[in-house]
Amino acid sequence: MAGTQPQESAASIAARVESFVRTVVVPFEQDPRRDHHNAPTDVLLFELREMARAAGVLTPHIRADGSHLTQRETALVLIASGLSPLGPLACNTNAPDEGNMYLLGHVGSAEIKARFLDPLIKGRTRSAFFMTEPWAEGGAGADPSMMKTTCRRDGNHWRVDGRKCFITGVAGAGIGIIMAKEHQADGKGGACMFLVELPDPAIRIEHVPNTIDNSMPGGHATVLIDNLRIPADQMLGQAGEGFKYAQIRLAPARLSHCMRWLGACIRAQEIATDYACRREAFGKLLIDHEGVGFMLAENRIALKQCELIIDWCADVLDTGALGTAESSMAKVAVSEALMKVADNCVQVMGGTGVTDKTIVEQVFREIRAFRIYDGPTEVHKWSLAKAIKRDWKQAQQA
Ligand SMILES: Cc1cc2nc3c(=O)[nH]c(=O)nc-3n(C[C@H](O)[C@H](O)[C@H](O)COP(=O)(O)OP(=O)(O)OC[C@H]3O[C@@H](n4cnc5c(N)ncnc54)[C@H](O)[C@@H]3O)c2cc1C
């Protein structure tokens, strides 16, 4: 069964997830079943999911009755699942599925939920979110309003054409959420979101680049969408409201990345601490050298700060607010702080830190990418600066 029982507390769920990840998932970190981009294969993924199902920790952030844990509760559970890079995949708390489930749960009609959300909650398939487009064609990137992919109404269908890139997990996914701009003569068409079953011959994977990260099955593909015909009832919500729905997904999805990577860095810190408390240099343990001890101390402070800002932002989202500015602040603070935490862990472990003997090296690489996806740090700061200027202006007029 997927989902957790309504009466179980989030702390209890998180404890069970942590125990599962540490005892069952961690031994698979050296499993050789990897694809040509060194990401876990779907065979490995679904094997782990069956173990999670048996242990009652599959999709633990969604209750068996379909309700979602609060963001504050979700933090406990997702941090625990992040303790291994394989944990979110095993427990079905990974991106982009977790964000996609949240979106469908909040915007999907009963039919959309039954057809597209249920299989995701049950962990039977994976999904992909299609927004970004190749920069060389002037498409959507940090600025989604530059979207070039078009959709045109054609009787009971929509026709979608365009090219997307960095589409995580599309190779092997069973469900896609595609964003496109409605074609209008004046160029003022709004954005639309569509649900599709994958694979579809009209969606062709052109290229899967080698990337700095490798925890995501399927990698991050460039795809050509060529004359894709989608039945009108597979539009999510209303035409022209696509960016509004993207906003609904945005803040919780950003925050859940922070939660999972905090879990990963807590584990990296444990591994680095273990090394520093066993390894000697110049007649004493590494941890007793101030240079090393201070790195671990700074990490401990940073990890606590990340936890606090995640909880603060979760509380804002739990009031029902969109939390756009708060999730920007949390995303910048956490991704930048964890980059330094992971770097310190590598440094403490010397040469061992850059080998694949532990997950520390992987966590360091992957957090680099986290500073870019779900909004690069500079874009969040830029939008915060705009808000600061607006507030200043309002204060002047008051
Ligand atoms: C690992 C990974 C997974 C991804 N998965 C997906 C996915 O599943 N689906 C999807 O649709 N997309 C995905 N993306 C794409 C991601 O959302 C984009 O990379 C991101 O939005 C930035 O767009 P871009 O790469 O086109 O960068 P650009 O738009 O070219 O921006 C480049 C840089 O310019 C700077 N910049 C831009 N605007 C400003 C500004 N206003 N002020 C200051 N500096 C600015 C920033 O430093 C930014 O990093 C993924 C990306 C990565 C790396």
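**Entry 1, domains.** I kept in mind that this is a predicted model. I started with the domain assignment, which gives domain 1 (10–94), domain 2 (128–238) and domain 3 (243–388). I then looked up how domain 1 sits against domain 3, and found their C-alpha centres 19 Å apart. The contact takes 15 residues from domain 1 and 19 residues from domain 3. On the domain 1 side, helix α3 (residues 71–81) gives the most, with eight residues. I sorted that side of domain 1 by class and got seven nonpolar, six polar and two charged residues.

Next I followed α7, which runs over residues 242–278 and has 37 residues. From its first C-alpha to its last I read 54 Å, close to the 54 Å expected at 1.5 Å a residue. Where does α7 bend? I found a bend of about 30 degrees at Leu250, with a proline, Pro252, following within four residues. I also checked burial: 26 of the 37 residues of α7 are buried, so the helix is largely enclosed by the rest of the structure.

Which residues come nearest to the ligand? Of the 21 residues around the ligand, they are Met131, Gly141, Ala142, Pro376 and Glu378. I noted that β1 (127–130), β3 (157–168) and α11 (377–397) each supply at least two residues of the shell. By domain, the shell draws at least three residues from each of domain 2 and domain 3. By class, I have 14 nonpolar, five polar and two charged residues around the ligand.

Note on methods
Residues are numbered from 1 along each chain as its sequence is written. This is a predicted model: local features need pLDDT of at least 70, side-chain atom pairs count only at pLDDT 80 or more; totals for chains, interfaces and linings use all residues. A residue is near a molecule or strand if its C-beta atom, placed from the backbone, lies within 6 Å of it. Ala, Val, Leu, Ile, Met, Phe, Trp, Tyr, Cys and Pro count as nonpolar, Asp, Glu, Lys and Arg as charged, and the others, Gly among them, as polar. Domain bounds come from an automatic or database domain assignment. The expected span of a helix is 1.5 Å times one less than its number of residues. The bend at a residue is the angle between axes fitted to the seven residues ending there and the seven starting there. A residue is buried if 20 or more other C-beta atoms lie within 10 Å of its own, exposed if 12 or fewer, and partly exposed in between; C-beta atoms are placed from the backbone. Two residues are in contact if their C-beta atoms, placed from the backbone, lie within 7 Å.
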